[in-house]
Amino acid sequence: MTDLARYQDPLTIQRVLHATRTIAIVGLSGNELRPSNFVGYYLKRHGYQVIPVNPREKEILGETSYPSLSDVPVPIDLVDVFRAPDALPGIAREAVEVKAGALWCQFGVINEEGARIAEDAGLPVIMDRCLKVEHARYVGRMHWLGFNTQRITSVRSGLQ
């Protein structure tokens, strides 16, 4: 059984979120009803460069879709994975090869071998967490609505 807590550390999540500008979403769907499309749309609206990685699509969310991470022509800060867990080791190897900054595995994308491949190469790994939810929790406005942001303070930054 995978110890998921070690892949869900709040400080690691916050560090990855704050260091990220370019996100390659592996398995991003062109179908607006799919969770990956919603997450990609949300991230674009929040100023991230979103790069679709899906060999079955030419363009998603107005961006060129690439067949694999190695085809992406720009540096990748974060690889966000919306694929079946058994695809993770191969994706992790590719993330290491392209020198991505971190590996993020969405809800249900749990594969210890894939996590180990990325970790052994020095990549932070977040697993079984939603990038959109964590962005809203730590960077967005979710904490104003009373959600648990795992911080012990009553002071809100940015409010005078």
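Tutor: One term before that. Helices here are DSSP runs of at least four residues, numbered from the N terminus. Also, this is a predicted model.

Student: Fine. Which element gives the largest share of the lining of the largest pocket?
Tutor: Helix α2 does, with three residues.

Student: How much space lies in that largest pocket?
Tutor: About 390 Å³. The lining has 23 residues, and the closest to the centre are Val-26, Gly-27, Leu-28, Phe-82 and Arg-83. Two elements give two or more residues to that lining: α2 (35–45) and α3 (88–97).

Student: And how do the lining residues divide into nonpolar, polar and charged?
Tutor: Twelve are nonpolar, six polar and five charged.

Student: New topic: β1. Why is β1 largely enclosed by the rest of the structure?
Tutor: Strand β1 covers residues 22–26, and five of the five are buried, so the rest of the structure largely encloses it.

Student: Which way do its residues point?
Tutor: Thr-22, Ala-24 and Val-26 point one way from β1. Ile-23 and Ile-25 point the other way. In a regular strand, side chains alternate between the two faces of the sheet.

Student: What strands is β1 joined to?
Tutor: Five bridges join β1 to β2 (residues 49–53), and the two run parallel. Four bridges join β1 to β5 (residues 78–81), again parallel. Take Ala-24: its bridge partner in β2 is Ile-51, and in β5 Ala-24 stands opposite Val-79.

Student: How does the chain cross from β1 to β2?
Tutor: Through α2, and this β-α-β crossover is right-handed.

Definitions and conventions:
Residues are numbered from 1 along each chain as its sequence is written. This is a predicted model: local features need pLDDT of at least 70, side-chain atom pairs count only at pLDDT 80 or more; totals for chains, interfaces and linings use all residues. Side-chain values use heavy atoms; hydrogens and water are left out. On a 1 Å grid over the protein atoms alone, a cavity is a set of points where a 1.4 Å probe fits but cannot get out, and a pocket is an open set with protein on both sides within 12 Å along at least five of seven lines; lining residues have an atom within 4 Å of a point. Grid points are joined across faces, edges and corners, and a volume is the space filled by probe spheres set on the points. Ala, Val, Leu, Ile, Met, Phe, Trp, Tyr, Cys and Pro count as nonpolar, Asp, Glu, Lys and Arg as charged, and the others, Gly among them, as polar. Buried means under 20% relative accessible area, exposed over 50%, partly exposed in between (1.4 Å probe, protein chains only). Two strands pair if DSSP finds at least two bridges between them. A crossover is right-handed if, with the strands pointing away from the viewer, the path from the first strand over the helix to the second runs clockwise.
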